[in-house]
Amino acid sequence: MDSVALFCTGALLAGGLYWFVCLLGPAEQKGKRAVDLSGGSISAEKVQDNYQQYWSFFRRPKEIEKAEKVPDFVDTFYNLVTDIYEWGWGQSFHFSPAIPGKSHRDATRLHEEMAVDLIEVKPGDRILDAGCGVGGPMRAIAAHSRAKVVGITINEYQVKRARIHNKKAGLDSLCEVVQGNFLEMPFPENSFDGAYSIEATCHAPKLEEVYAEIFRVLKPGSLYVSYEWVTTEKYKADDPEHVEVIQGIERGDALPGLRSSAEIAQIAKKVGFEVVKEKDLAKPPSQPWWTRLKMGRIAYYRNHILVTILSAIGIAPKGTVDVHQMLFTTADYLTRGGETGIFSPMHMVLLRKPGAPKSS
C-alpha cells in the first residue's frame, strides 16, 4: 500500500504541476508560457542585476531628468517585463474600457480598431505604430483596416516577438517591425498616410520631441491619434496620497514623469499639429478600465507562486520574482489612480498635419 500511495501522490503532484504550468501558464493560446519566461535580451544571469539598476534609477532624481538616459532605461524595463506582460496579460500592452457582455480580449480589440478608424486610413495605406511593443495592436489594426502597418519599438526582444506573432497570425505581409527610438525614427519625411500611438508616448522624456518626429514622417493632411497616460484635473500635487499613487505608477512603468491632461493639446499645437478632437476615453459613460486589474488578483497570486517555484529551480531567471512583485505593486497604484480619477491611460488626442489632403 505504501508504494501505491507513493505512486498516487507522485502522479497527483505531476498532474498538478502540469495543470499549473501548461494549462494555467499561458496567457492565451498562442502566447508566452510560464516555463519560457526570460529577461528578454538580457542574459539570465544578469536579470537580477538589471532589475536592481532599473530600480536604483528612481533613487537618483537627477538621472531621470537627463533625457539621453531614458531610452536605455525604457529598454531595460521592457527586457525585464515583456515576457511577464505577454504571459499574464496578452500581446496588447495597454488598457481598454470594460464593455458589458464582451471579453477583455474583445474590448481590447475594439479599442485598437477605434484608433485606426479615427485616422481614416484605407486598405493599402502605410501607417505608423509609434511604440508597437510585441505588436498586439498592430495585428488587430492591420486585420481590421488592411492597411500596411510599420511598428517601431526600442526593444530588440520585442521586435523578435512581434515578428514571430505576425507570422503566426498570417499578417507578416501587412505588418513590419523596426527596432529604433521613436524620438529619432529611421523614416523619411512625409512617408506615412497616418499614425497612432497606444499608451506608448508616455515613455518619451519630452512629449514635444516624439510629436515632432511623428509630424515629420506624416504626409501633409494625414491624421495621428494617441492614447496618452496623464494626470487628470482631479490630481492635486499637494495631496500626499495623490503624489504617492502617481509616483508609484511612474516607478513601476518606466515613466520619466506623467504629464497633465491639460498639456497634451498645447504640446501638439506647439509642434505644428491641428487638434481635431480631444477626449478622455476613461471617463463615464465608459466602464472602468481598471476592473481587469482587480479581477486579476487571484491570478496574480497563482502566477507569483509559479514564478517563485520556477525561479527557485532555475527555470526562470533570478530576479523574475522581484519583477513580478514590482508589477503587482504597480497594478495596485494603477487601480487606485483609476478609482480616484486622478489618472487616465487613455486621454485621446486626434491630430492632423496641415497641408493638402491625401490623394484618393
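The backbone oxygen of Ile 141 lies 2.7 Å from a polar atom of the side chain of Ser 145. I open with this polar contact, a term that denotes a pair of N or O atoms within 3.5 Å; within protein, one must be able to donate a hydrogen and the other to accept it, and residues adjacent in sequence count only if both atoms are side-chain atoms. What is on screen is a predicted model, in which local features need pLDDT of at least 70 and side-chain atom pairs count only at pLDDT 80 or more, while totals for chains, interfaces and linings use all residues. Residues are numbered from 1 along each chain as its sequence is written, and side-chain values use heavy atoms, with hydrogens and water left out.

Let me stay with Ser 145. A polar atom of its side chain also lies 3.1 Å from the backbone nitrogen of Ala 147. Ser 145 belongs to helix 6; helices (H or I, at least four residues) and strands (E, at least two) are DSSP runs, numbered from the N terminus. Is Ser 145 buried or exposed? At 10% relative accessibility, Ser 145 counts as buried, since buried means under 20% relative accessible area, exposed over 50%, and partly exposed in between, with a 1.4 Å probe and protein chains only. Leaving aside residues up to four places away in sequence, Ser 145 touches Val 116, Val 121, Lys 122 and Pro 123, where contact means heavy atoms within 4.5 Å.

I turn next to the backbone. Most residues other than glycine have a negative phi, and most peptide bonds are trans. Arg 146, in the loop between helix 6 (136-145) and strand 2 (148-153), has a positive phi near 60°. Arg 146 is partly exposed, at a relative accessible area of 43%. Glu 199 also has a positive phi, of about 55°, and sits in the loop between strand 4 (192-198) and helix 8 (207-217). Glu 199, however, is buried, with a relative accessible area of 6%. The peptide bond from Pro 284 to Pro 285 is cis, with omega near 15°, and Pro 285 is found in the loop between strand 7 (274-280) and helix 11 (291-295).

Buried residues in helix 12 include Tyr 300, His 304 and Leu 310. Gly 314, with a positive phi near 90°, follows the helix.

Now to the charged residues. Side chains of opposite charge can pair when their charged atoms come close. How many salt bridges does the structure hold? There are twelve, a salt bridge being a side-chain nitrogen of Lys or Arg within 4 Å of a carboxyl oxygen of Asp or Glu. In one of them, Arg 161 meets Glu 86 at 2.6 Å, N to O. That pair links distant parts of the chain, with Arg 161 in helix 7 and Glu 86 in helix 4, 75 residues apart. Both partners are buried. Arg 216 and Glu 213 form another bridge, at 2.8 Å, within helix 8 and three residues apart, about one turn. Here Arg 216 is partly exposed at 24%, whereas Glu 213 is buried at 11%. Glu 241, Glu 244, Asp 332 and Arg 336 are linked in a network of salt bridges.

I close with the aromatic residues. The structure holds 21 aromatic pairs; rings of Phe, Tyr and Trp (its six-membered ring) pair if their centres lie within 6.5 Å, and planes under 30 degrees apart count as stacked, over 60 as edge-to-face and the rest as tilted. Tyr 211 and Phe 273 have ring centres 6.4 Å apart and planes at 90°, so the pair is edge-to-face. Tyr 211 lies in helix 8 and Phe 273 in the loop between helix 10 and strand 7, so the pair ties together parts that are 62 residues apart in sequence. Tyr 211 is buried at 0%, and Phe 273 is buried at 3%. Finally, Arg 292 lies over the face of Trp 89, at 3.7 Å from the ring centre; the criterion is NZ of Lys or CZ of Arg within 6 Å of the ring centre and within 35 degrees of the ring normal.
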